[in-house]
Amino acid sequence: MEEKIRESLEDNRRILESIFGDCADVTLRTVMMGTNVRGLAIFMEPTAGDLYGLSQMLLSFLGQSREEVQSRIRAGQLGLVDACTLDDFSQAVAGFFAGDVILFADGVAKAVKIPAKGYPGLGVVKADAEKGLRGSDESFSDSVKINASLIRKRIKSPKLKLKEYEVGERTKTRIYLLYIEDLVEKELLYRVEERMNRYSLDGITDSGVQQQLLSDSPEAIFPQLQSTRRPALTCEELLEGRGVLLVDNSPEALLLPAVYQNFFATADDRYLNFRVVSFLRGLRYCASVFAMFFPGAYILAASYETQLIPTSLFLTIQRAEADTPLSAPLEILLMEASFALLREAGVRMPGEMGNAVGIVGGLIIGSAAVEAGFVSPMAVVVVAFTALCTFCVPNEELAQAYRLINVGVLVLCAVLGPVGLFMGMLWVTLRLASLTSLGYPFWRKMNDTFVVPATMRRLRGLFARRQNPVRLRKKG
């Protein structure tokens, strides 16, 4: 495919047929240009649509002689937005797979790339994840060009830069790196480009693959890069000096780099009263601790350190445990497994049926297990409260990590007692302290751990360039 485009139209046709052999979705159509110049157009019908660009190009050649048509193409005088000339077949194939129409002319050793409507996609849709009380409901789409335009719509500055990459030997996936030139640290851009050039692979079909390739510790249970479907939140983070990675065919943007506290922020935190938001963030931090350690702490208090529980509550727990055939750790593990299955079934079931499975299934299984004397009511309460705590964490990837840690700490507490709980807390603390995100510490102090009034948000985030840390100045 590195061959140069030939002057002979028949030679070009033979080369295209050898490249796209057995590709039934590829259309080769002979056209006439000007008075007597034969042309060859190659396109895919779903991407080319009504061939408006091609028809306009042919109309512009109407009535012109063979020499005039060939001279215009060689000079690149095409008169269409984004239409350009190509010199070799690798460029022509790349343009074709980008969804454009490629036009060859007899007697000209160049091809013309004509913009078309591109591949079909969902377009801009209403956000169904990361729900908030205020702010735009726009969500990223599957098209990287649309996603970049949603950011451009909000940040109308020439300082917003966009670098394009092509990743994947077979998929040729388009990736955009966006940043604000005078806010981002140059070292961050260097690290991102170095990571992207580190691997050679067949293809990338979603940003989740790129997220793992960019992670410093891909084997770690905690996510080290933040993802979002909200253009508004993405723009807020760009103004804080962070970078953004957009992957074609993926509706998630990757925010680079990240610290632990970023995963507790929501899209509308900066739009609401700072006291309310600070209280809610504190609630999320507390919920994250309970999501990891509450079942283990319950096993510890009920089985090893009974003096930690008030006497009346301890007697109630013991009476309930005496009527069940399983020990407290097995009860909790059984209920955790049941709720995990319900959660997975609710996600995989189509439409509104998934919500019904999660709610009705949880009520039926919980009440039936208690009435049958299989588990104690306290076990259901502990597992349900832990599930609520994981749902309070805004980032689902972090919540999934908490669920796995929860099971591990539960087993440690059942086997080792107080030592198991201490070991679990120590492991989580040391693991978070040792992680990095693109070489930056993952757990450190942030200016916006808790929200302050908009009039006091003077400084940018941790990753903004040191020469431009101020984001708010009072006039006069």
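Reply: Helices are DSSP runs of H or I with at least four residues, numbered from the N terminus. The model is predicted, so local features need pLDDT of at least 70 and side-chain atom pairs count only at pLDDT 80 or more, while totals for chains, interfaces and linings use all residues. Residues are numbered from 1 along each chain as its sequence is written, and side-chain values use heavy atoms, with hydrogens and water left out.

Met423 is found in helix H16. Its relative accessible area is 39%, and Met423 is therefore partly exposed (between buried, under 20%, and exposed, over 50%, with a 1.4 Å probe and protein chains only). Met423 belongs to a nonpolar surface patch of about 950 Å², which also includes Leu330, Val407, Phe422 and Leu430. Such a patch joins nonpolar side chains within 5 Å, from residues with over 30% relative accessible area and no salt bridge (a Lys or Arg side-chain nitrogen within 4 Å of an Asp or Glu carboxyl oxygen). Helices H12 (328-348), H15 (396-416) and H16 (418-434) each supply at least two of its residues, and H16 gives the largest share, 5 residues.

The interior can now be considered. A nonpolar core is a set of buried Ala, Val, Leu, Ile, Met, Phe, Trp, Tyr and Cys residues joined through side-chain atoms within 4.5 Å. In the largest, of 26 residues, Phe222, Tyr260, Leu398, Tyr402 and Val428 touch the most other members. Helix H10 (274-303), H15 and H16 each supply at least two residues of this core, and H15 gives the most, 7 residues.

Methods:
Patch = residues over 30% accessible without salt bridge, like charges linked within 9 Å, V, L, I, M, F, W, Y side chains within 5 Å. Areas by Shrake-Rupley, 256 points an atom, 1.4 Å probe, with all protein chains shown as cover.
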